[in-house]
Amino acid sequence: MANPKTTGPAQREHAPADIAVRDLTVNFGQLRNVLSGVNLCVPRGEFVALIGASGCGKTTLLNVVAGLVPVAGGTATVLGSAPAAGRKDICYVLAQDALLPWRTVQRNVEYGLEFSEAVKDERRQRARVYIEKVGLQDFRDFYPSRLSQGMRQRVSLARAFAVGRSVYLMDEPFSALDSQTKLLLHDQLLDLWDKSGATVVFVTHDIGEAITLADRVVVMSQNGTGVADEIAIDIPRPRSAEALQADARYHDLYRRTWTALKASMQ
Ligand SMILES: Nc1ncnc2c1ncn2[C@@H]1O[C@H](COP(=O)(O)OP(=O)(O)OP(=O)(O)O)[C@@H](O)[C@H]1O
Ligand SMILES: [Mg+2]
C-alpha cells in the first residue's frame with residue numbers, strides 16, 4: 001500500500017485508479033437511468049468527498065462500487081476487478097453503526113479482525129491500539145448500549161481501520177452527530193486515514209465536512225447524469241478541523257463548493 005507520507009496530489013496523478021467508473025448506467029426495474037453517463041476515477045490514496053442533492057444517486061454509486069447494485073451500462077472496476085459484494089479489500093461504513101450489542105467495545109473492534117489471518121493475541125493488541133487512537137481506552141469493556149452515538153461511531157471507525165482495507169466507502173457516517181462531536185471525529189478519521197494510505201469515497205451533505213476531510217470534492221448532478229463539478233481542496237495536511245474554521249482558504253472553498261452545489265440543482 002502507498003505510504004501516505006510520500007503520496008501527495010502530484011504522485012497520485014500517476015497512481016493506478018483504485019476506483020474507475022466509466023459511463024455508468026444504473027436502472028432499478030422500471031426506474032431507468034437512476035444513474036446515467038457517470039464517470040468517476042479515484043487514484044490510490046485519494047480522499048474524495050461526494051456531495052449532491054438528495055436522491056441524485058450518491059448511495060447508489062457507492063453501492064455499485066461495493067458490488068451491491070448491478071451495472072446496467074458502462075463499467076465499474078475496484079482495485080482492478082469488477083465490484084462484488086463481500087470483498088475483503090473494501091470496507092463500507094454507514095450512518096447507522098453496525099456494532100454488535102452483545103460484544104464490548106474491545107470485542108467489537110476485534111470482530112473485524114476475526115476474518116483476517118491475525119492470531120488471537122495480535123487481534124487483541126491491534127484492537128487496543130485502534131481503540132486508543134479514537135480515545136476510547138477507558139471504555140474498552142463497555143457494551144454499545146452504554147455509549148453515546150458519537151462514541152459508537154468512534155468504535156465503528158476503530159473497527160473499520162483496524163482491519164486495514166484498501167478502499168473505504170463511507171455513506172454519511174457522521175450525519176446523526178452534533179456539530180462539536182463531528183469536529184472531533186473529523187480529526188480522528190483524518191488521523192486514522194493518514195496512516196493507512198487507503199482510498200476513500202465519503203458521501204456527505206455537509207460542505208464543511210467535505211472540505212475538512214477531502215483532497216477533492218465531487219459534486220453530482222441532481223438528475224443522476226454524473227459529475228457536475230469538482231473542487232480541488234488544496235489545503236495542506238495534516239489538517240485540524242478546528243483550525244480550519246478560522247482559515248480563509250476554508251471559507252473560500254466553502255463558497256465555491258456551495259456555488260457548485262446550487263448550480264448542480266438547477
Ligand atoms: N433499491 C432501490 N429501488 C428502487 N429505487 C431506488 C433504490 N435505491 C435508490 N432508489 C432511487 O434511486 C435514486 C437515487 O437514490 P440514492 O439513495 O442513491 O440517492 P442519494 O443521493 O444517496 O440520496 P440521499 O442524499 O437522500 O441519501 C432515488 O430516486 C431513489 O428513490
Ligand atoms: Mg444516500
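Questions on a predicted model

Visitor: In which strand does Asp229 lie?
Guide: The model is predicted. The strand in question covers residues 227–232, and Asp229 lies in strand S9.

Visitor: Is Asp229 buried, exposed or partly exposed?
Guide: A residue is buried if 20 or more other C-beta atoms lie within 10 Å of its own, and exposed if 12 or fewer do. Asp229 has 18 C-beta neighbours inside 10 Å, so it counts as partly exposed.

Visitor: With which residues is Asp229 in contact, leaving aside its neighbours within four places in sequence?
Guide: Leu253 is 24 residues from Asp229 in sequence, and their C-alpha atoms are 13 Å apart. With neighbours within four places in sequence left aside, the contacts of Asp229 are Val219, Ala260, Ala263 and Ser264.

Visitor: In what order do the three strands of the open sheet stand?
Guide: S1 and S2 run antiparallel and are joined by seven bridges. S1 and S4 also pair in the antiparallel sense, over five bridges. The order is S2-S1-S4.

Visitor: Which strands stand at the edges of this sheet?
Guide: An edge strand here has a single partner strand, so one side of it is left without a neighbour in the sheet. On average, neighbouring strands are turned by 20° against each other, direction ignored. The strands at the edges are S2 (31–43) and S4 (73–78).

Visitor: Which residue in the turn of the S1 and S2 hairpin has a positive phi?
Guide: Strand S1 covers residues 17–28, and Phe28 has Leu31 of S2 as its bridge partner. Two residues lie between the strands of the hairpin. The one in the turn with a positive phi, about 55°, is Gly29.

Visitor: Near what value is phi of Asn33?
Guide: Asn33 lies in strand S2. With 16 C-beta neighbours inside 10 Å, Asn33 counts as partly exposed. Its phi is positive, in a residue other than glycine, and near 50°.

Visitor: How many of the five residues of strand S5 are buried?
Guide: Strand S5 (residues 90–94) is largely enclosed by the rest of the structure. The number of its residues that are buried is four.

Visitor: Does S5 run parallel or antiparallel to strand S6?
Guide: Ile90 stands opposite Val167 in S6. Five bridges join S5 to strand S6 (residues 167–171), and the two run parallel.

Visitor: Near what value is phi of Glu172?
Guide: Glu172 lies in the loop between S6 and helix H6 (179–194). With 18 other C-beta atoms within 10 Å, Glu172 is partly exposed. Glu172 is a residue other than glycine, and its phi is positive, near 45°.

Visitor: What is the radius of gyration of the protein chain?
Guide: The chain has nine helices and nine strands. The globule rule gives 18 Å for 266 residues, and the chain is close to that, so it is as compact as a globular protein of that length. Its radius of gyration is 18 Å.

Methods:
Residues are numbered from 1 along each chain as its sequence is written. Chains are lettered from A and ligands numbered from 1 in the order in which they are written. This is a predicted model: local features need pLDDT of at least 70, side-chain atom pairs count only at pLDDT 80 or more; totals for chains, interfaces and linings use all residues. Two strands pair if DSSP finds at least two bridges between them. Axes are lines fitted to C-alpha atoms, for helices over the stretch in contact, and angles run from 0 to 180 degrees between N-to-C directions. The radius of gyration is taken over C-alpha atoms; the globule rule is 2.2 Å times the number of residues to the power 0.38. Two residues are in contact if their C-beta atoms, placed from the backbone, lie within 7 Å.
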